[in-house]
Every structure is written in C-alpha cells, then in structure tokens.
Amino acid sequence: MVTMKMVQELQHELQKDGHVNRYRDLLGLYVSGMVDEQIATVIAEHIPTCPGCRNTTERLRHAHQERQRIERAQRVREKMVASLQRTKFLTAQVAAIRLKRSP
Ligand SMILES: [Zn+2]
C-alpha cells in the first residue's frame, strides 16, 4: 500500500544528487511494470526532467526487452522440442504396429 507520504518522499528524493544510482533498482522494477501505479506516475513524471534517470531507464528497458525476447525464444524452443519428442514417439508407435501386423 503506497501512501501519499511515500509518494511525496520519493518526489523529494528524486531531486537529490546521486539519486540515479540510489534508485536504479526501483527504475528496474518500473521498466518491468512491477511498481505501484502511484510510484510509476512519479517516475514517469520525473524521467523527462532528468537525463540521468532517462538514460538509466532507457538502458534498463532495453535489457528488459532483451530478457523478454530470450525468454520467448526459450519457450518456442521448448515447444518445438516437446513437439519433436511427440512426433518421435508416434513414429515409433506406428512402426511397432506395422511390425506386429506384418506376417
Ligand atoms: Zn532522476
């Protein structure tokens, strides 16, 4: 539960020197869509005003997209392997049936 006080504290903290490094983890959660809506709003409003956070967010977003791309590729690969194994199994079953039927 995000309180108004937390939102105000964050807005205040984001004005301080060195905040980009202190809030890198939060920016990472932000690009992953894992922060509360009110916090996301504070960050979204802050980013256009702060080159440091803008650059960091860009890099984190790129890394996040790359991670998602890799995960998608892994899921496709797993499906293909599963499908191939099913095909192999069925081919073996069919071969076994044919063998039984042959005189
Ligand atoms: Zn900033």
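1. At what angle do α3 and helix α5 (residues 51-101) pack, and how far apart are their axes? The angle is about 50° and the axes are 9 Å apart. Axes here are lines fitted to C-alpha atoms, for helices over the stretch in contact, and angles run from 0 to 180 degrees between N-to-C directions. The angle makes α3 oblique to α5; angles under 35 degrees count as roughly parallel, over 145 as roughly antiparallel, 65 to 115 as roughly perpendicular and the rest as oblique. Helices (H or I, at least four residues) and strands (E, at least two) are DSSP runs, numbered from the N terminus.

2. The model is predicted: local features need pLDDT of at least 70, side-chain atom pairs count only at pLDDT 80 or more, and totals for chains, interfaces and linings use all residues. Residues are numbered from 1 along each chain as its sequence is written.

3. On the α3 side, R24, L27, G28 and V31 meet C53, T56, T57, L60, R61 and H64 of α5. Contact means that the C-beta atoms of two residues, placed from the backbone, lie within 7 Å. By class, this contact has four nonpolar, four polar and two charged residues. Ala, Val, Leu, Ile, Met, Phe, Trp, Tyr, Cys and Pro count as nonpolar, Asp, Glu, Lys and Arg as charged, and the others, Gly among them, as polar.

4. The largest nonpolar core has six residues: Y23, L27, Y30, V42, I43 and C53. Such a core is a set of buried Ala, Val, Leu, Ile, Met, Phe, Trp, Tyr and Cys residues joined through C-beta atoms within 7 Å. A residue is buried if 20 or more other C-beta atoms lie within 10 Å of its own, exposed if 12 or fewer, and partly exposed in between. Two or more core residues come from each of α3 (24-31) and α4 (37-46). Leaving out residues up to four places away in sequence, L27 touches I43, C53, T56, T57 and L60.

5. Helix α1 (residues 4-13) packs with α4 at about 25°, with the axes 10 Å apart. That angle makes α1 roughly parallel to α4. V7, L10 and Q11 of α1 and Q38, I39 and V42 of α4 make the contact. Its residues divide into four nonpolar, two polar and no charged. The crossing is right-handed.

6. A40 belongs to helix α4 and is partly exposed, with 15 C-beta neighbours inside 10 Å. Apart from neighbours within four places in sequence, A40 is in contact with Y30 and V35. Its C-alpha atom is separated by 9.6 Å from that of L26, 14 residues apart along the chain.

7. R59, in helix α5, is partly exposed because 14 other C-beta atoms lie within 10 Å. The C-alpha atoms of R59 and V42 are separated by 19 Å.

Notes: Left-handed = near helix turned anticlockwise from the far one by under 90°.
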